[in-house]
Amino acid sequence: MAAPSKIDAQQLSDLGRRYSAVRRRTADLCSNLSPEDHMVQSTLEASPVKWHLAHSAWFFETFLLTPHLRGYVPLDGQYRSLFNSYYNAVGDRPARDTRGAMSRPSLEEVMAYRAHVDAAMRELLECELSSEVRSVVELGLNHEQQHQELIVTDAKHALWSNPLQPAFIASMPRQTSEVQPLRWIAFQEGVYEIGNSGDSFAFDNESPRHKVFIQPFELASRLVTNGEFLGFIHDGGYSRPELWLSDGWEAARSAAWNAPLYWEKRDQDWWHFTCSGMRRVDLSEPVCHVSFYEAEAYARWAGARLPREAEWELAAASLPVMGNLLESEEFHPAAARHDAPHDDGIQQLFGDCWEWTQSAYSAYPGYRPAGGALGEYNAKFMCNQMVLRGGSCATPQSHIRAGYRNFFPPQTRWQFSGIRLAKDLSGSSR
């Protein structure tokens, strides 16, 4: 195999700068955590922060350095299986629930592994790369951004699980806001196109772009607030089976849900754990850390429904990606602002909370997964999951877009997930 030739300086500068920025952001997110914090796996849904650091390096090593950098030597051959997540085509891997038991390699050794991969990636990025290889670099960068979000969500759950409930970040004073009135924004029926247009990076599950017929509907101008969700609680929402899907009722009863995750009642007031520690629940902020089941039950109680993902994308497609995202470094949803609504009146479509839709996660018409191990990235999960849209306060701004399809099982609560309501314009909400 001949040594690859050099690419021009501008190409190297752009890709290399983006690689360095993404990797640096990951390290910065962990700067307030102790080595012991990096070890905790507090729920099966989460992973230790140390594992996120190692696995994101593993991705670059496995799919770029090993096949495409001549003479590359892994730091430790055992890492190929140790930090594999779910790629069966790559080989064996430890069971997910054992990640918190991996005291070795140490955090120091994992950081040395990342440095080893970074040095090799800098060498690779000086080479002339085919469009196929460059697309894998793009995938790797977006993959790491997904793990940046998971570092925040998983560390938050780990620290909440500690009896001391220490903060992930320093407390940021925030003034209580008046609740922005909820308005209904109408969309007319028609045939629309959704999905990736091919102009920039997107995951394969966002393609192909295709036509959908959308009935006339209305979308709420903002997310459901804590105060509004408290109305559901006070009206016995968690004890009224007629509001719940059957599986949701069983999930709520078996886990004894009576409020969103991280909420607890102190005397007559509700408090919740945030990334800056325990705070009194602000009634104007979006309700967060609710499952699909809770979101669906609330929508039914409110005489509305959850949006379909095509409806959500139609509403978001023409809007700029702006909002309370990871770069704000608050890692907590914020109240809808009175001073900066979009021209069409819709707010909070990007950031704050992932928004549950009523759409099951499945392939778009004509979808074909990629070949090889990378074909396992999304396609194998198209079962028993619900679609969420819009990103959260822990999502990097450059990572999210109108067509982005996130997905989780309906009982999931540890993510920053919230509620936006929709209605049929015909008057029927179902």
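**Cavities**

I sorted the lining of the largest cavity by class and got seven nonpolar, four polar and two charged residues. My classes: Ala, Val, Leu, Ile, Met, Phe, Trp, Tyr, Cys and Pro are nonpolar, Asp, Glu, Lys and Arg charged, and the others, Gly among them, polar. The model is predicted: local features need pLDDT of at least 70, side-chain atom pairs count only at pLDDT 80 or more, and totals for chains, interfaces and linings use all residues. Residues are numbered from 1 along each chain as its sequence is written, and side-chain values use heavy atoms, without hydrogens or water.

I count two cavities of 30 Å³ or more (on a 1 Å grid over the protein atoms alone, points where a 1.4 Å probe fits but cannot get out; lining residues have an atom within 4 Å of a point). The largest holds about 90 Å³, the space filled by probe spheres set on the points, which are joined across faces, edges and corners. Of its 13 lining residues, His272, Pro286, Cys288, His289 and His332 lie nearest the centre.

The second largest cavity holds about 40 Å³. I find Lys50, Trp51, Phe83, Arg99, Met102 and Val110 lining it.

**Helix 7**

Next I checked helix 7, residues 246-254 (a DSSP run of H or I, at least four residues, numbered from the N terminus). Gly248, Trp249, Ala251 and Ala252 are its buried residues (under 20% relative accessible area, exposed over 50%, 1.4 Å probe, protein chains only). They cover an arc of only 165° around the axis, which puts them on the same side of helix 7 (directions from the helix axis to the C-beta atoms). The buried residues pack against helix 8 (292-301), with contact meaning heavy atoms within 4.5 Å. On the face turned away, I note exposed Ser246, Asp247, Arg253 and Ser254. Just after helix 7, Ala256 has a positive phi of about 55°.

Terms used:
Helix = DSSP H or I, 4+ residues; strand = E, 2+ residues; numbered from the N terminus. 1 Å grid on protein atoms, 1.4 Å probe; cavity = no way out; pocket = protein on both sides within 12 Å on 5 of 7 lines; lining within 4 Å.
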